Structures are given as structure tokens and as C-alpha cells.
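Colleague: Take a close look at one part of this model for me, please: the surface first, then the charged side chains and whatever surrounds them.

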Amino acid sequence: MNLTEAMKERHSVRQYTDRPLEQSVVSALQEEIKACNQESGLHIQLVMNEPKAFDGFMAHYGKFSGVTNYIAMIGKKGPELDEKCGYYGERLVLKAQQLGLNTCWVAMTYSKIKTSFTVNSGEKLCIVISLGYGKNEGVPHKSKPVEAVTKADGSLPGWFRSGAEAALLAPTAMNQQKFVFTLNGNKVSAKAGLGFYSKIDLGIAKYHFEAGAGKENFTWA
């Protein structure tokens with residue numbers, strides 16, 4: 001499965017089976033996490049066989065079940081942390097999809113089990129991503145039209161439209177899709193709207209946009 005196929009097939013999944021992760025899958029995930037940490041300076045960690053985080057009232061309220069594995073998105077506190085966690089977290093989400101796993105971004109409906117991961121001084125846990133073999137594949141979310149999330153003088157180049165279409169496949173909090181991509185020459189700027197977790201959503205959408213548009217076709221403004 002290539003990245004475009006992964007973006008199209010990946011949907012949020014909240015109910016998981018008790019099937020354990022294969023060692024080959026774990027190794028591939030750990031390798032990708034290591035690469036993301038080296039590239040970003042984040043402190044992302046894979047938590048496995050830990051059922052307590054999703055065993056509380058809020059997790060049940062959020063209709064989560066069977067979650068024992070998750071990715072903890074952790075990094076140094078600062079204005080760029082949320083967007084960076086969104087960008088690299090979605091890279092891991094799509095890698096998981098390629099490995100045959102299901103995922104869901106989880107902002108509030110979990111408990112912080114502090115013995116399960118390490119948060120160093122000056123760092124914070126930003127968000128987590130549930131991970132495992134889903135009881136289903138989830139369902140596609142409704143998307144805005146491309147014109148609602150793009151700005152450009154004149155018609156949209158094919159690569160820019162493809163990037164925007166890919167961004168609209170990205171998961172966002174409450175499916176808000178509060179982001180706008182603006183084209184100026186071959187430079188693209190991306191802006192988050194107001195709303196819960198909109199900066200995380202922007203990072204997720206930017207990763208999708210890059211994958212859809214092709215990095216060789218533009219530079220970020």
C-alpha cells in the first residue's frame with residue numbers, strides 16, 4: 001500500500017481486538033518512531049500492553065474498547081509543539097496503516113498513566129494515538145470542497161489541488177477541517193483556524209498536503 005492508498009483507506013477506529021502486535025510490525029514502527037524523533041527532536045514513544053489508559057469513564061464515553069497499545073506524542077514545550085506532533089504523528093499513523101494496523105487520534109478521552117512513558121523536564125505529553133487491529137476499518141468522514149480550504153490567484157495547478165484533496169482526507173478534531181492552504185507562485189502557506197487542537201490538525205493536514213502535492217513542486221512559505 002502506497003501513501004496515497006493509506007490516506008484513502010485510513011479511518012478512525014476506536015474498538016480493537018485482543019490480537020497482539022507481531023514483532024515485525026513492532027520493529028517497523030519503532031524504526032519509524034526513531035527516524036521521526038531524530039528528524040524532529042520530539043520524544044515519541046510506543047506504549048504496549050497497557051490497558052489502564054483506556055479503561056476509565058472518559059474512554060468508555062468516547063466508545064473506546066480493547067485499546068492496549070498507543071503512541072505517546074511527547075516533546076519540548078513551545079509554540080511549535082502541537083503542529084510538530086500533528087505532522088510526525090500522522091506520518092506514524094499512515095505507516096501503521098501500511099503495516100495493517102488501525103489507529104485513532106485521542107486528545108482527551110484517556111487517562112495519563114505516567115509510569116508507561118517518560119516525560120523529561122521541559123517536555124509535555126501532547127496527545128496520544130491508539131493503535132492495534134481494529135474490529136472494523138472505520139468509516140470515511142465528510143469533507144469540505146477543495147475551494148473551501150484553498151486560496152490562489154487564478155486556477156489551481158494540478159499538484160496544488162492534489163495536495164488539498166489529500167489534506168481533506170486528514171483526520172481533524174470533530175472533523176472541523178479548519179485549515180487553509182494559500183498559493184503564491186510555487187510557495188504555499190498553511191494556516192490553522194480557531195478551534196480545539198487546530199494546530200495539531202494543521203500539522204496532520206500539512207503532512208497529507210506534502211504527500212499529495214509532492215515536495216518537489218513547492219516550498220512552504
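**From the surface to the charges**

Modeller: Let's start outside: Phe57, Met58 and Tyr61 make up a nonpolar surface patch with about 400 Å² of accessible area together. A patch takes residues with over 30% relative accessible area and no salt bridge, joining like charges within 9 Å and nonpolar side chains (Val, Leu, Ile, Met, Phe, Trp, Tyr) within 5 Å; areas come from Shrake-Rupley with a 1.4 Å probe, with only the protein chains shown as cover.

Mind that this is a predicted model: local features need pLDDT of at least 70, side-chain atom pairs count only at pLDDT 80 or more, and totals for chains, interfaces and linings use all residues. Residues are numbered from 1 along each chain as its sequence is written, and side-chain values use heavy atoms, leaving out hydrogens and water.

Phenylalanine 57 sits in helix α3 (residues 57-61); helices (H or I, at least four residues) and strands (E, at least two) are DSSP runs numbered from the N terminus. Phenylalanine 57 counts as exposed because its relative accessible area is 63%, the classes being buried under 20%, exposed over 50% and partly exposed in between (1.4 Å probe, protein chains only).

Now the charges. There are six salt bridges, each a side-chain nitrogen of Lys or Arg within 4 Å of a carboxyl oxygen of Asp or Glu. Arginine 19 pairs with glutamate 22, with closest N and O atoms 2.7 Å apart. Arginine 161 meets glutamate 147 at 3.2 Å, N to O. That pair links distant parts of the chain, 14 residues apart: arginine 161 is in helix α5 (residues 158-167), and glutamate 147 is in the loop between β4 (123-132) and β5 (150-151). Lysine 215 bridges to glutamate 210 at 3.8 Å; lysine 215 is exposed at 54%, whereas glutamate 210 is buried at 11%.

Aspartate 201, in helix α6 (residues 198-213), goes without: it is buried but has no salt bridge, and lysine 178, the nearest side chain of opposite charge, is 8.7 Å away. (Lys and Arg count as positive, Asp and Glu as negative; His and chain ends are left out.) A polar atom of the aspartate 201 side chain does lie 3.0 Å from the backbone nitrogen of alanine 173. Leaving aside residues up to four places away in sequence, aspartate 201 touches Pro171, Thr172, Ala173, Gln176 and Phe196, where contact means heavy atoms within 4.5 Å.

Key:
A polar contact is a pair of N or O atoms within 3.5 Å; within protein, one must be able to donate a hydrogen and the other to accept it, and residues adjacent in sequence count only if both atoms are side-chain atoms.
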